[in-house]
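Here is my note on the model. Please look it over before reading the points.

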Amino acid sequence: MKYLIINGKKEEIPPFPHHKAYVYRSKQFFFAKGMSTRLTMGNFITLKELYNGIKNKCSIPRVLLLDPTSNCNLKCKGCWSQDYESGHNISYEKLDDILDQAEELGIMDCLMTGGEPLLRKDDILKLCKKHNKMTFGAFTNATLIDEKFADEMAKLGNLNVFISIEGTKEETDFRRGEGVYDKAVRAMDILRSRGIAFAFSACYHSKNYKTISSDEFLDYMRQKGAWFGWLFQYMPVGSGADTSLVCTAEQRAYVMERVRDYCIKHDYVAIDFLNNGHLSFGCIAAGVGFVHINAKGDVEPCAFCHYSDSNIYEMSLAEALRSKFFTTFRNAQPFSKNPLRPCPLVDNPQAIIDVVNAGGAKSTHIANPESAEALAMKSFEKAGEWEKVSEKLLKKMPGHVQSNFSKYLKYYAFKRGITDGRRKKI
């Protein structure tokens, strides 16, 4: 039997696909002790992905990110959802078909984004019940979580939620609207009372980064029942994005070090997405770790990278994973030899220009399209600042961490060589 220490208590982890097993698997993935741990985790899921990749001639992602809807009941400051045309929904039948395809490829985790996915909560519950060999999660503002929905979640067992919160009541309501913080905290209480191992999901930026990385905030999230946390750095994605919210290099480093120290001290899982690149394969988009399908069916490298050359209504998921853009994207990985600079959007902005143009991808912002050049122009200056700071941080990193990262990249190059037929020299 597997266990996690949650708030000082030893918690039993039911077998996969229980939603608590997803928490355990996330900790294994982002905090693996070495290559042997990666190859044997989750009943050898890494080796199964390699086998399925050889069979399907493409890299098989660990996680499918899926947008059931582009609609949202909030209008948060700095959210790209406002740039999408509203009113797009993937039908229940098509969602079911996509999940059938995912299972056929061996993908066993589906995380739903948006828009606000719980606007489709009845369909989500039906999908979880039908695809009961998969684990599901939803990134949600939590305003639609009530006792009835939580009861259904508890019955199913394979559905998790990741509740968006920005720090204090004032900081959350600043971005999300008055009263949203109280609704999010109320939802946490409902979920905790039913033994559901939810996560908090925090976007940190120049105005709230100290709160998000503080002991007080992280202690409070654990007290409210959050088994783990997702931390996402604000990205200036979408036309009209507020660039004043982008963290400086010093602010990003502050979050990285504070969160890392907190997790070590409390044996807690808080995944600081951009800053944890050195614990995985760097960028894990375009099928290496995950793939994203938006509410119009566009197949994108990740939820932040709004470019595509494929649509799920025109081809299968396997064909999309083999598309020119995706193979071009994967062939360019890693985008930096510095594991603290994994992302092509904000750490290596020239890279996003190069892969979009070489891969023939188009912007998926239908209402307000943004060229790769326009996106990159917002990040060049900050990327240059982070390059200098990250080099100093890299020198302070324990030797085994750098050694593991080097091994991960060699394995990835091997994997790509026998699935995509291309092997970039690492």
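**Notes on the core and the fold**

1. The largest nonpolar core of this predicted model has 127 residues, and Leu 64, Phe 200, Phe 228, Trp 230 and Phe 329 touch the most other members. A nonpolar core is a set of buried Ala, Val, Leu, Ile, Met, Phe, Trp, Tyr and Cys residues joined through side-chain atoms within 4.5 Å. Buried means under 20% relative accessible area (1.4 Å probe, protein chains only). Helix H7, residues 180-193, gives this core its largest share, seven residues.

2. A second, separate core holds 10 residues, among them Met 256, Val 389, Leu 393 and Val 401.

3. Take Phe 329. Beyond its neighbours within four places in sequence, its contacts (heavy atoms within 4.5 Å) include Cys 283, Ala 285, Pro 301 and Val 355.

4. The protein chain has 16 helices and 13 strands. These are DSSP runs: helices are H or I with at least four residues, strands E with at least two, numbered from the N terminus.

5. Buried residues make up 62% of the 426 residues in the protein chain. Of the contacts with a separation of 6 or more, 73% join residues 24 or more positions apart.

6. The C-alpha atoms of the protein chain fill a box of roughly 50 × 50 × 45 Å along the principal axes.

7. On method: residues are numbered from 1 along each chain as its sequence is written, and side-chain values use heavy atoms, without hydrogens and water. The model is predicted, so local features need pLDDT of at least 70 and side-chain atom pairs count only at pLDDT 80 or more, while totals for chains, interfaces and linings use all residues.

Methods: Buried means under 20% relative accessible area, exposed over 50%, partly exposed in between (1.4 Å probe, protein chains only).
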